[in-house]
Each structure stands twice: as C-alpha cells, then as structure tokens.
Amino acid sequence: MTTGVAGSFPAGLLSMPHHPVPLGFVFRSRAKEEKAPVADKAMVTDSKQPRDPQAKKGRPTPKRSEAQSQRRSVASTPTNRKEAAKRQREERRVQLERQRQALAGGDERYLPARDKGPVRRFARDWVDSRFNVAEFFLPLALVILVLSVVRVPALQSVALLLWLIVIVLIVLDSVASGIRLKKRLAERFPDQNGKGAVAYALMRSLQMRRLRLPKPQVKRGERP
C-alpha cells in the first residue's frame, strides 16, 4: 500500500517509464495513409509486370524506307523564311529545266498544262505533218518590208500587193485547216473535250517549224 501526499500522483505511476508520442502521429492525415500503400503497390506492380513481346504497341511499326523518308523530310524542312524562299527558287528552277527538256523532247510528264493531253498532241502532230502558209509569214513579211522601204513606186506597189496576197492566203488556209482539224478531232476523240485545240493548232501554224515548241515529233507528209 502506497502512501503519499494528498493531491499528488501515486508513486507507482511516477515510477513508470515515459514513452513520448510523436505529434506527427496524432495529426497525420488518414487520407495520405490510405493513398500511399495504393500508390506504392501500383508502382511495384507496373515495374515488376513484364511486357508481352507479342503484344501490340497500339500503332503499326513503320517500314524502314518510310522511316528514312520521314527523317529526310523533317531534316529538309526549312527553318526560316530565307531558307524557304531559297527552296522555292530552287524548285522553280528545277521545274523550268524539266519543262525545257520536255518541250525539246516531247515528254508528256513535264509539259506545261496548255500542251498536255492526247488531243493537244494530235493537234501538234497534224500541224507539223503538213505545209502551212502561215509558217512562211515571217520570211515573206521581211521581204515585203524591204521592198516597201525602197523609194521606188513600182516596188512599193508590188510590196502592197504581196501584203494583200499573203494575208488572204493565210486566212483561207487557216479556215480550211481549222475545219479539217476539227473534223479529225471529232473522229479520233469523240468522247474527249477538244475545246481550244483548233485555236492551239492555228497558233502553232504561225510559227516556223524549227522554232515550234514542243519540238515537232513527226515528219512532213507523215500521217499522225
């Protein structure tokens, strides 16, 4: 039986060892305690679970050629306005060079839009396969101009008469050629639009044969 001063603690209680309780344990949020094990468990599960090598990745694996082309396109993309303008000039130069070679060789792939198509090709071949009065206009015009400059009334009268004859022959030949070509186009290409092909051919007939572009691909007298 223990004795003590009234109002004081019992002696047995004073002799018990003290174990201080940390404040963090008292005030710790239970929500954090509940979330922490779940997060740790998820991390452990994700890290320990091996990936199936046969499982799909969610997207198809690109081929080697496609991957290389994508890398080239990314590497060749211009980074500023100066490089973009330089790239456009280079592409334009290459395109013009291809068109020049196509006009000289008749390659349909790189011809300008006004010269493309089987209808335009047939119109060119039809004009190049025959003699046209209009193609001799430039040399005749040079001769007539020289005669008209000479201060001889007789020669000037001849020059004026030649002007009239050349113009009439060109008009008549152009009208006849246009009618014949339109008929041939209707027979050869009944299901295709031949709009503008006759005018295209008549404009070509005004040029000398060696100066025509695209270059003639048929000989004179050869049936296109």
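Biologist: How many salt bridges does the structure hold?

Modeller: Side chains of opposite charge can pair when their charged atoms come close. A salt bridge here is a side-chain nitrogen of Lys or Arg within 4 Å of a carboxyl oxygen of Asp or Glu. The structure holds eight of them. This is a predicted model, in which local features need pLDDT of at least 70 and side-chain atom pairs count only at pLDDT 80 or more, while totals for chains, interfaces and linings use all residues. Residues are numbered from 1 along each chain as its sequence is written, and side-chain values use heavy atoms, with hydrogens and water left out.

Biologist: What does the chain average in pLDDT?

Modeller: pLDDT is the predictor's confidence in each residue, from 0 to 100. The chain averages 76, and 65% of the residues score at least 70. Over residues 1–10 the value is below 50, and this stretch has one contact (heavy atoms within 4.5 Å) beyond near neighbours in sequence.

Biologist: Where do Arg93 and Glu90 lie?

Modeller: Helices are DSSP runs of H or I with at least four residues, numbered from the N terminus. Both residues belong to helix H5 (residues 81–105), three residues apart, about one turn of the helix.

Biologist: Is Arg93 buried, partly exposed or exposed?

Modeller: Buried means under 20% relative accessible area, exposed over 50%, and partly exposed in between, with a 1.4 Å probe and protein chains only. Arg93 counts as partly exposed because its relative accessibility is 49%. Glu90, at 39%, is also partly exposed.

Biologist: Which residue forms a salt bridge with Asp128?

Modeller: The partner is Arg212, with the closest N and O atoms 2.8 Å apart. Asp128 lies in helix H6 and Arg212 in the segment after H9, so the pair ties together parts that are 84 residues apart in sequence. Asp128 is buried at 0% relative accessibility, and Arg212 is buried at 0% as well.

Biologist: What else does Asp128 touch?

Modeller: Leaving out residues up to four places away in sequence, its contacts include Pro216, Gln217 and Val218.

Biologist: How far apart are the closest N and O atoms of Arg212 and Glu135?

Modeller: They are 3.9 Å apart in a salt bridge. Glu135 sits in the loop between H6 and helix H7 (137–149), 77 residues from Arg212. Glu135 is buried, with a relative accessible area of 4%. Through shared partners, salt bridges join Asp128, Glu135, Arg204, Arg212 and Arg220 into one network.

Key. Helices (H or I, at least four residues) and strands (E, at least two) are DSSP runs, numbered from the N terminus.
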